[in-house]
Every structure is written in C-alpha cells, then in structure tokens.
Amino acid sequence: MSALTVPVALGARSYDVLIGPDALETGAARLPQYCPRGRALIAADRAAFAAHGERLISAVRAAGLTPLVHEIEGGERAKSWAGLDALTGWMLDQGMERGEALIAFGGGTLGDLAGFAAAVMKRGCGFIQIPTTLLAQVDSSVGGKTGINTPQGKNLIGAFHQPALVIADTRVLDTLPEREIRAGYAEIIKAGLIADAPLFERLEALGPKALQGDALVRAIADAVAFKARIVAEDETERGVRALLNLGHTFAHAFEAEARPGALVHGEAVAAGLVLAFRYSVRRGLCPQADADRAEAHIAAAGLPARIADLPGGPYEPARLTARMGSDKKNTGGAITLVLARAIGEAMIAPGADAADLTAFLQEETDR
Ligand SMILES: NC(=O)c1ccc[n+]([C@@H]2O[C@H](COP(=O)([O-])OP(=O)(O)OC[C@H]3O[C@@H](n4cnc5c(N)ncnc54)[C@H](O)[C@@H]3O)[C@@H](O)[C@H]2O)c1
Ligand SMILES: O=C(O)C(=O)C[C@@H](O)[C@H](O)[C@H](O)COP(=O)(O)O
Ligand SMILES: [Zn+2]
C-alpha cells in the first residue's frame with residue numbers, strides 16, 4: 001500500500017499526515033521546503049535512531065539535505081526543563097533560524113519535548129513530526145499539543161504549536177517493544193470509546209494482534225482522521241477537544257504519582273478509561289454493561305484495567321484526587337472529568353465532588 005494522506009484542516013496552518021510503510025521516503029522528499037538552509041535539524045529518540053537512523057539519514061540525504069542530529073533518551077524524563085534546556089541549547093548552538101524547522105524523530109515524549117522547543121525557539125520556529133511509536137502515530141504527533149512534565153504534574157507547562165508535516169512510517173514500528181504497541185493501542189481504544197462505537201466493536205472483534213500490514217495503516221489513518229476532525233473544530237481545547245482527554249484525568253494522576261520510569265502513558269490511559277466508565281456508572285450516566293465491555297476489551301488486550309494491575313504503585317486515593325485538582329480542564333477550583341453516557345458517547349462533566357472521587361478510588365483500589 002502506498003502512503004495514505006490525512007489532512008488536518010487548520011486554515012493557513014493546515015498540514016498533511018502521511019501514513020504507510022514507505023512514508024519516510026515519500027515524506028522526506030517534502031522536507032526541503034521547511035529547511036531553507038539545506039540542513040535538517042533532527043531531535044532523535046536514541047532507540048528509534050539506533051534502529052532506523054540509517055534509513056532516516058539516507059532519506060534526508062536523498063532529499064538533498066545535510067542531517068544534523070541531537071540524540072535524546074526517550075521516556076517521560078526527557079520531557080523536563082533539563083531536557084528542554086539541552087535541546088534548545090543544541091538548537092541555538094547550530095545557529096538555528098526561525099525559518100528553519102526542527103524535525104522530531106521519536107515517540108510521544110520526544111515529540112512533545114521537541115514541539116515545545118520549536119514553539120519557544122526564537123518565539124516559534126518550524127516543526128515536523130516523524131513519530132516512531134504507535135502511540136505517537138495515532139495520537140501525539142497530530143494536533144499541536146506540546147509540553148513538558150514538572151514535579152507538579154504531567155504536561156502542565158506547554159504550548160499549542162502545530163507541525164507543518166507529519167510522517168508516520170509504519171515500518172519503524174517493527175522494532176517497537178510489545179509493551180509500547182499495547183500502550184499505543186490504548187489510545188486507539190480511546191477513540192472508539194469517545195465517539196465511534198462501530199470502531200470499538202471492530203477492535204473487540206479483532207484485537208491488537210490484527211493490526212498488521214494494510215490493516216495497521218488503515219487503523220492509524222482512522223485514528224488520525226478522528227483526531228483531525230476534533231482538532232479542526234477546536235484547536236486549543238475550549239470545548240469539544242477536551243473529549244480527547246477521556247481517561248486522562250485519572251491517567252495523569254497515576255503518572256504523576258508513579259515510581260519514576262515504571263508506568264507508561266498508554267497503560268495509565270487504559271486504567272483511566274475503565275475508571276471513567278465506572279465513575280460514569282456510579283453517577284447514573286452510563287449502563288453498567290458498557291463499562292463492563294470497555295473493561296473486558298482493555299483487559300483482553302493485555303492492558304491494565306484495574307488500579308491493582310497498574311505498574312509503579314501503590315497509589316494513594318487522596319493523593320490521586322489532589323493530583324486531579326491541578327488538571328488543565330478544571331474550572332472554578334473544581335475537577336472537570338470526561339465521562340461517558342455509553343460506548344462512543346463521551347461527555348464533558350465539570351464540578352466533580354473531590355470527596356466522592358476519593359471514595360470511588362478507594363473502592364477501585366480494593367476491588
Ligand atoms: N501531544 C499529544 O497530543 C499527546 C498525545 C498522547 C500522548 N502524549 C504524550 O506522549 C508520551 C508517550 O509517548 P510514547 O508512548 O510514544 O512513549 P515514548 O516516547 O517514551 O516511547 C516509548 C519507548 O519506545 C522507544 N522507541 C521509540 N520509537 C521506537 C522504535 N521505533 N523502536 C524501538 N523503540 C522505540 C523510546 O525510546 C521509549 O523507550 C507521554 O508523555 C504522553 O503524555 C502526547
Ligand atoms: O490531543 C489531545 O487533546 C489529547 O488530549 C490527547 C491525549 O491522548 C494526550 O495524552 C494529551 O497530551 C493530553 O493532553 P493534556 O492537555 O491533558 O495534557
Ligand atoms: Zn494520551
């Protein structure tokens with residue numbers, strides 16, 4: 001299959017997402033327009049670069065560009081003030097100009113960091129995403145959310161800064177550990193649970209193992225097209241985009257509390273999705289049967305469905321609620337959750353009761 005193109009419609013800042021087994025070569029041919037000085041400034045995840053760097057460099061050279069590479073260890077620790085300092089320092093040392101683009105070659109952590117570096121470099125330079133994890137291809141490389149973590153929580157410092165091009169090459173996923181494939185699958189499940197019940201049914205029928213070859217390319221394209229529609233409607237999360245945060249109010253609390261390096265984002269999202277559905281049942285919004293189905297598929301996919309299954313714990317309910325108290329969606333000092341009326345019908349629910357949330361999390365911890 002040749003590369004599929006999914007457009008993200010944002011007026012003058014519209015861009016294409018190229019998806020397929022040869023997207024790296026197809027996409028690299030488009031790079032020179034974003035690299036006016038004939039050089040490609042690349043922030044690369046060390047593991048992705050070790051596995052696919054030769055192919056990346058050949059594609060960049062074939063496009064007539066000279067590659068300059070800054071390697072970064074992937075993982076949440078990269079998304080930090082120290083990581084931003086090192087990357088922006090390297091960009092400045094290269095004499096990077098505003099008219100040049102930074103190319104992010106890596107997973108969601110590298111992409112979020114590099115996007116933020118591009119957003120603040122000389123008040124905004126160009127940015128290209130070449131996502132190398134399933135999670136980054138289906139979710140984080142699209143939509144322009146960039147940022148870093150701080151001791152206070154996940155992604156609390158950041159900026160909206162859209163890429164000019166996204167190159168999702170499915171062959172680079174061949175070297176991704178099974179755990180990271182499952183983590184990316186959690187964000188695909190999320191898309192079905194938010195607004196696409198038929199997608200969730202297909203996933204239930206097939207499972208993550210079926211995501212190979214053309215089916216993988218189509219699944220990525222479907223997830224990207226879904227996200228692109230929401231981002232085009234609400235780029236900076238004033239309303240409907242918050243639906244993409246289903247499960248994340250819980251997930252980010254777990255990530256902030258987890259032993260460093262023990263929990264990956266997609267795992268936290270998986271458990272967070274189950275909690276969002278179970279809390280929706282508790283609030284009388286959603287049928288129990290839908291919550292049970294969401295949980296059953298998440299568990300069948302080998303993802304953590306219960307708090308007790310989550311790596312990086314133990315997690316203290318009151319501390320989790322306190323973490324949720326600094327979520328970016330909150331208004332008027334009260335926690336905003338994304339809940340669900342049914343599979344495929346997520347909704348934004350402001351004004352959660354903190355004491356009730358803690359009691360709920362205690363019950364969920366004990367089950
Ligand atoms: N900006 C957004 O819209 C958005 C959306 C979803 C998630 N996120 C963020 O994304 C991050 C998670 O991203 P992730 O799951 O990609 O994790 P990650 O970037 O940490 O990558 C996971 C691991 O895979 C390795 N790796 C990357 N590509 C590889 C390859 N091709 N072969 C072998 N190993 C490879 C990395 O070195 C790392 O160890 C979280 O910080 C999350 O908050 C952001
Ligand atoms: O793109 C979005 O919008 C999302 O919410 C996608 C999420 O999967 C992603 O984890 C995002 O980084 C969370 O955003 P945040 O605003 O809650 O930090
Ligand atoms: Zn996410």
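Residues are numbered from 1 along each chain as its sequence is written, while chains are lettered from A and ligands numbered from 1 in the order in which they are written. Because the model is predicted, local features need pLDDT of at least 70 and side-chain atom pairs count only at pLDDT 80 or more, whereas totals for chains, interfaces and linings use all residues.

**Stop 1: ligand 1**

Select ligand 1 and the residues around it. A residue is near a molecule if its C-beta atom, placed from the backbone, lies within 6 Å of it. The shell holds 32 residues, and those that come nearest are Gly74, Gly107, Gly108, Thr133 and Ser140. Two or more residues each come from helix 2 (46-62), helix 4 (108-120), helix 5, strand 8, helix 6 (178-195) and helix 10. Helices (H or I, at least four residues) and strands (E, at least two) are DSSP runs, numbered from the N terminus.

Domain 1 (4-175) and domain 2 (234-366) each give at least three residues to the shell around ligand 1; the domain bounds come from an automatic or database assignment.

**Stop 2**

Next, pick Thr132, in the loop between strand 6 (126-131) and helix 5 (134-140). Is Thr132 buried or exposed? Thr132 is buried, because 32 C-beta neighbours lie inside 10 Å. The cut-offs are 20 or more other C-beta atoms within 10 Å for buried, 12 or fewer for exposed, and in between for partly exposed, with C-beta atoms placed from the backbone. Beyond its neighbours within four places in sequence, Thr132 is in contact with residues including Asp45, His52 and Phe105. Contact means that the two C-beta atoms, placed from the backbone, lie within 7 Å.

Thr133 is found in that loop between strand 6 and helix 5 too, and it is buried, with 31 other C-beta atoms within 10 Å. Leaving out residues up to four places away in sequence, Thr133 touches Gly107, Gly108, Leu176, Glu180 and Gly184. An unreviewed UniProt entry lists Thr132, Thr133, Lys145 and Lys154 under "binding site". UniProt positions are given in the numbering used here, feature names are shortened, and annotations may be inferred rather than shown by experiment.

**Stop 3: ligand 2**

Move on to ligand 2. The residues around it include Asp139, Lys145, Glu237, Arg241 and His248. By class, this shell has 1 nonpolar, 4 polar and 6 charged residues. Where does ligand 2 lie? Both domain 1 and domain 2 give residues to its shell, so ligand 2 lies between them.

Stay with Glu237 for a moment. Glu237 is in the loop between helix 8 (213-233) and helix 9, and its phi is positive, about 55°, although it is not a glycine. With 18 C-beta neighbours inside 10 Å, Glu237 counts as partly exposed.

**Stop 4: helix 9**

**Stop 5: a cis peptide bond**

Finally, zoom in on Pro314, in the loop between helix 11 (288-300) and helix 12. The peptide bond from Gly313 to Pro314 is cis, with omega near 5°.

Terms used. Ala, Val, Leu, Ile, Met, Phe, Trp, Tyr, Cys and Pro count as nonpolar, Asp, Glu, Lys and Arg as charged, and the others, Gly among them, as polar.
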